[in-house]
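Here are a few friendly notes to read alongside your model. Please keep the structure open as you go through the points.

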Amino acid sequence: MAAHDLAHELARTLKESAEFKQFYKSKAKVMSDANNHKMVREFQLKQWEIREAQMLEQEVSEEKQQELERLYSLVSINPAAREYLEAEFEVSRMVNDIQKIIGEAIQDAMPIGFEDMNP
């Protein structure tokens with residue numbers, strides 16, 4: 001089977017997996033409630049803001065850290081929001097595992113000059 005065919009089969013398998021089905025279900029639940037949607041969105045935006053600053057090696061203020069912790073507290077006690085974030089994490093973990101497997105399989109195909117780079 002050609003690589004493209006396998007990629008399409010992988011995509012179908014992912015969409016049909018229990019992890020993706022749970023993700024879609026929990027996402028729909030969060031999206032159906034404006035307050036839950038807003039809460040999750042605020043948490044994710046703050047989380048992204050802090051991660052981006054850390055990746056750029058910028059200092060993250062204590063105020064921003066406390067705001068993230070406050071938002072996490074709210075999300076963690078909300079069953080729908082917590083279920084969504086757990087499902088999102090499982091899907092992300094699965095996709096990362098697949099990327100790692102593919103990356104390891106093609107590491108010898110790196111362009112000249114990148115051979116010694118190990119993620």
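1. A word on terms to begin: helices (H or I, at least four residues) and strands (E, at least two) are DSSP runs, numbered from the N terminus. Residues are numbered from 1 along each chain as its sequence is written. The model is a predicted one, where local features need pLDDT of at least 70 and side-chain atom pairs count only at pLDDT 80 or more, while totals for chains, interfaces and linings use all residues, and side-chain values use heavy atoms, with hydrogens and water left out.

2. Let us start with a loop. Glu57 sits in the loop between H3 and H4. Its phi is positive, about 55°, although Glu57 is not a glycine. Glu57 counts as exposed because its relative accessibility is 73%; here buried means under 20% relative accessible area, exposed over 50%, and partly exposed in between (1.4 Å probe, protein chains only).

3. Next comes helix H3 (34–55). H3 has 22 residues, and from its first C-alpha to its last it reaches 31 Å, close to the 32 Å expected at 1.5 Å a residue. That expected span is 1.5 Å times one less than the number of residues in the helix. Which residues of H3 are buried? They are Asn36, Met39, Val40, Phe43, Lys46, Ile50 and Ala53. These residues cover an arc of only 165° around the axis, so they are on the same side of H3. The arc is that of the directions from the helix axis to the C-beta atoms. On the other side of H3, Ala34 and Met55 are exposed. The cover over the buried residues of H3 includes helix H2 (18–31), H4 and H5.

4. Lys46, in helix H3, counts as buried because its relative accessibility is 17%. Leaving aside neighbours within four places in sequence, Lys46 is in contact with Lys64, Glu67, Leu68 and Leu71, where contact means heavy atoms within 4.5 Å. Arg41 also lies in helix H3, and with a relative accessible area of 45% Arg41 is partly exposed. Between Arg41 and Asp5 there are 36 residues of separation in sequence and 36 Å in space, C-alpha to C-alpha.

5. Helix H2 can be read in a similar way. The end C-alpha atoms of H2 are 20 Å apart, which agrees with the 20 Å that its 14 residues should span at 1.5 Å a residue. Phe20, Phe23, Ser26 and Val30 are buried in H2. Seen down the axis, these buried residues fall within an arc of 135°, so they line one face of H2. The face turned away from that buried side carries the exposed residues Ala18 and Lys25. Among the elements covering the buried residues of H2 are helix H1 (3–16), H3 and H5.

6. On to helix H5 (79–105). Its 27 residues should span 39 Å at 1.5 Å a residue, and the end C-alpha atoms of H5 are 39 Å apart, which agrees. Buried in H5 are Ala80, Ala81, Tyr84, Leu85, Ala87, Val91, Met94 and Ile98, and the buried residues of H5 pack against H1, H2, H3 and H4. Glu90 is also in helix H5, but Glu90 is partly exposed, with a relative accessible area of 29%. Although Glu90 and Phe23 are 67 residues apart along the chain, their C-alpha atoms are separated by 8.4 Å.

7. Finally, the largest pocket, which holds about 400 Å³ of space. On a 1 Å grid over the protein atoms alone, a pocket is an open set of points where a 1.4 Å probe fits, with protein on both sides within 12 Å along at least five of seven lines, and lining residues have an atom within 4 Å of a point. Grid points are joined across faces, edges and corners, and a volume is the space filled by probe spheres set on the points. The lining has 15 residues, of which Phe43, Gln47, Arg51, Leu85 and Glu88 lie nearest the centre of the pocket. Helices H3, H4 (62–77) and H5 each supply at least two residues of the lining.
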